[in-house]
Amino acid sequence: MNNIILKCINLTKSYQDGIKNVHILKETSFYLNKSHIAVIVGKSGSGKSTFLHLISGLEKPTSGTIVFDGIPLNSLSSNQIAKLRNLNLGFIYQFHHLLLDFNILENVAMPLLINNKNIEQAKEDAHEMLIKVNLEKKIYKYPSELSGGERQRVAIARAFINKPKLIIADEPTSHLDSYHSKKIFDLIFELNSNLNTSFLIVTHDLFFSKKVDVLFEIKNGQLKYKNIK
């Protein structure tokens, strides 16, 4: 039985800057096991966000292969990639990107409604997910009425609502203080344990990086395994 949720083979991403060919990633390979949490670290401009965009199908590699749950992305059409992304990937960003004119129950239900789920069932599922992130008492509050940590928990609930196989997180705590950052990371570990969801997280939080299953560093266009100490 294949235990790999994500695999990249000789992944290269480059672009032309005048007469110069600039390499962001250079023939780098990577894999992530199902139910594991992997963290990627690296300096600003090293290619971390580009790597996340590639594996989520938002950008195409210059060369190389990305295989998600046994399916090569280069074998799919743009519409098929979009469908796979909507149903199987969840995203957590630096900013929560919540819809300010909707309460948090509606925000969390939105991905289900986009996928044409019955509105009452979507709200029921959203309510259950908000219970998991300890926000059941604030389901009718609007994003402007929540703290930064609460808004990020709403974003996590929204990322989980379709029960994705993989959550991709780009600096999910960069705008939170240490107390709320720990709360968010504790929640990630809890949901990973309870729901067996895989995580791929870019973060500068060294404390969190030491507690995950595997740690990688992007340096000089290469993704390399890094010892967790």
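The lining of the largest cavity is made up of four nonpolar residues, no polar ones and three charged ones (Ala, Val, Leu, Ile, Met, Phe, Trp, Tyr, Cys and Pro count as nonpolar, Asp, Glu, Lys and Arg as charged, the others, Gly among them, as polar). This is a predicted model, where local features need pLDDT of at least 70, side-chain atom pairs count only at pLDDT 80 or more, and totals for chains, interfaces and linings use all residues. Residues are numbered from 1 along each chain as its sequence is written, and side-chain values use heavy atoms, leaving out hydrogens and water.

To see that lining, select Lys 182, Phe 185, Asp 186, Phe 189, Phe 207, Phe 208 and Lys 211 (each has an atom within 4 Å of a point, on a 1 Å grid, where a 1.4 Å probe fits but cannot get out). Helix H6 (178–195) and helix H7 (206–209) each give two or more residues, and H6 gives the most, with four. The volume is about 30 Å³, taken as the space filled by probe spheres set on the points.

Next, select helix H3 (residues 104–114) and helix H4 (residues 119–132); helices here are DSSP runs (H or I) of at least four residues. Their axes, lines fitted to C-alpha atoms over the stretch in contact, come within 8 Å and cross at roughly 120°.

Finally, show the side chains. Among the H3 residues that meet H4 are Leu 105, Val 108 and Leu 112, with contact meaning heavy atoms within 4.5 Å. The residues of this contact comprise 11 nonpolar, one polar and two charged.

Conventions:
On a 1 Å grid over the protein atoms alone, a cavity is a set of points where a 1.4 Å probe fits but cannot get out, and a pocket is an open set with protein on both sides within 12 Å along at least five of seven lines; lining residues have an atom within 4 Å of a point. Axes are lines fitted to C-alpha atoms, for helices over the stretch in contact, and angles run from 0 to 180 degrees between N-to-C directions.
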